[in-house]
Amino acid sequence: MTSTSEQNGLTPRRWLQSLASLERKRLRGAAFLGSLAGFQTVFIVTGLAWLIDQLVVHDRAPRDLSVVFILLAVAVVARALCQWGSERLSLDASLRIRRHARSQLLDKVAALGPVWLTSQQSGAIAAQAVEHVDALDGYFARFHPQMRITVWVPLVILAVVVSLDYLAAIFLLLAAPLIPLFMALVGMGAERMNRDQFAAVARLSAHFIDRVRGITTLQLFGHTVAAQEAVWQAADHYRRLSMRTLKLAFLSSAVLEFFSSVAIAVVAMYVGFGLLGYIEYGPAPSLTLFSGLAVLLLAPEFFQPLRTLSMHYHDRAAALGAAESIVNTLNQPPVMRAASPPATRDPQALVELEGVEVSYAARGVVLGPLGVTLRHGDVVAVSGESGSGKSTLLALLAGFVGASQGECRHAATTQVAWLDQQPCLLQGSLADNLRLADPEATHEAMQSALIRAGLNEVLNALPQGLDTVLGERGVGLSGGQAQRLALARVYLSRAPLVLLDEPTARLDSATEKAVVEALLEWAREGRTLVVATHHPAVIAAASRHLRVVNGQLQEVLA
């Protein structure tokens with residue numbers, strides 16, 4: 001079955017390759033230094049075999065071989081430096097790649113916009129940006145450089161063994177393909193398990209965050225025990241998946257170790273029987289202590305890169321599983337409008353909609369075709385039945401949704417202020433929440449905005465004033481106070497276009513009156529207001545009234 005990522009062109013493997021190309025020099029440098037360390041190992045092992053042969057068979061004094069001892073010591077130091085350099089480059093490349101991958105994912109989420117985010121679980125997005133991106137570390141830091149090392153080092157060792165004894169080289173050559181074969185077979189199952197594991201951790205993150213956010217409601221209705229049980233079951237499911245993945249990794253490593261050990265044992269038996277004179281076929285009669293010992297010491301080094309690659313093969317499976325989740329997000333079709341929309345043709349117009357349609361893949365056309373012009377100072381009330389498309393129209397004007405047909409033109413200096421019926425308040429101080437609208441706002445400007453929003457009494461009652469810390473979603477404020485804080489943010493923004501989605505819904509009469517007064521004040525300031533509302537007072541205060549019926553706009557004349 002074809003995955004979503006494959007249908008849209010970008011696949012996990014292509015994405016990983018594109019990330020690797022960003023740090024090609026460092027990854028190649030890591031592979032080169034790793035291969036050089038392997039070549040140093042071949043030199044050390046061969047030199048050690050030659051030294052033993054000279055000392056035992058040829059009865060040479062150690063001081064006569066001092067130059068060889070020095071060369072071997074230098075090779076040992078050089079091998080350590082090469083290994084250190086290889087690991088340093090690969091880790092640095094992995095860190096840079098993960099930074100780029102996380103930035104790419106967050107940029108895509110920002111480009112998809114608030115409308116797309118409303119259909120997603122924040123815990124799953126957070127898991128992608130943290131756990132899934134970090135799961136790429138092993139692939140780029142260990143597996144990717146090891147693939148090149150596994151090609152070059154065994155070839156050099158095989159060439160040296162062929163020069164010493166071609167029959168031993170044949171034994172190594174026959175056993176070598178078994179490790180990649182079983183590694184590929186195991187990798188197929190490991191990749192599937194890791195994909196399931198990352199999906200499970202994303203669900204667990206979303207599940208846990210939802211329960212934490214709703215802990216007050218759960219306590220009020222006496223469902224905390226059931227919620228605790230649900231979280232425990234989700235965590236236990238994730239534990240089982242993790243143990244299955246680890247079990248497969250350990251079993252695969254045991255199988256690969258078994259085959260390499262058998263191959264080394266076969267070479268050892270051949271060398272032993274050849275030196276004892278029991279084998280008279282091929283080059284066996286000409287085996288010496290040097291050639292036999294060198295072949296015997298090189299046999300484990302021949303399989304070591306393959307064994308190391310198999311050890312890191314689960315890093316590849318984990319990276320592919322994580323990439324599958326991330327690529328599905330990267331392949332999401334764009335939702336928001338272009339960053340630079342066409343300019344309005346009418347110099348007095350702030351926004352122009354001409355033949356605009358908004359459609360979603362699963363629902364088809366939900367709004368349009370529309371044709372309307374908003375000018376500076378317009379106060380527009382948008383009414384209609386629930387689900388008729390009022391919120392979609394506001395999202396279109398804000399740029400949160402792009403037009404599938406037609407043109408949505410904005411004035412060059414158009415900035416948008418958005419006020420929802422459930423304002424987004426972050427954990428932090430009052431000042432932190434106000435500075436979302438104007439990061440450079442002074443304390444005097446923020447206090448003035450709060451006074452205009454009717455929060456001066458609340459502000460005076462707070463001992464820490466603007467430094468008073470709020471909880472997530474405005475915990476510490478009532479619903480009306482949170483709405484007024486959002487009003488204060490709009491005052492600070494000074495945006496010429498203000499979009500309000502049911503600003504008086506679920507408010508008490510006092511807060512409702514304050515919101516209506518704010519609307520009238522904004523109208524006197526010359527701001528353009530578009531308000532989705534059912535409230536008669538708001539509709540009466542508007543200069544224009546648009547009704548949404550079956551996705552179409554009908555202007556109601558006074």
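Student: What makes Phe273 partly exposed?

Tutor: Its relative accessible area is 38%, and the classes are buried under 20%, exposed over 50% and partly exposed in between, with a 1.4 Å probe and protein chains only. Phe273 therefore counts as partly exposed. Keep in mind that this is a predicted model, where local features need pLDDT of at least 70, side-chain atom pairs count only at pLDDT 80 or more, and totals for chains, interfaces and linings use all residues. Residues are numbered from 1 along each chain as its sequence is written, and side-chain values use heavy atoms, leaving out hydrogens and water.

Student: Why is Tyr278 called exposed?

Tutor: Tyr278 reaches 63% relative accessibility, so it counts as exposed.

Student: Are Tyr139 and Phe140 buried or exposed?

Tutor: Tyr139 is buried because its relative accessibility is 10%, and Phe140, at 0%, is buried too.

Student: Why is the pair of Tyr139 and Phe140 called edge-to-face?

Tutor: Rings of Phe, Tyr and Trp (its six-membered ring) pair if their centres lie within 6.5 Å; planes under 30 degrees apart are stacked, over 60 edge-to-face, the rest tilted. That rule gives six aromatic pairs. For Tyr139 and Phe140 the centres are 4.9 Å apart and the planes at 90°, so the pair is edge-to-face. Tyr139 and Phe140 also form one aromatic cluster with Phe143.

Student: What makes Phe273 and Tyr278 an edge-to-face pair?

Tutor: Their ring centres are 6.0 Å apart and their planes stand at 80°, so this pair is edge-to-face.
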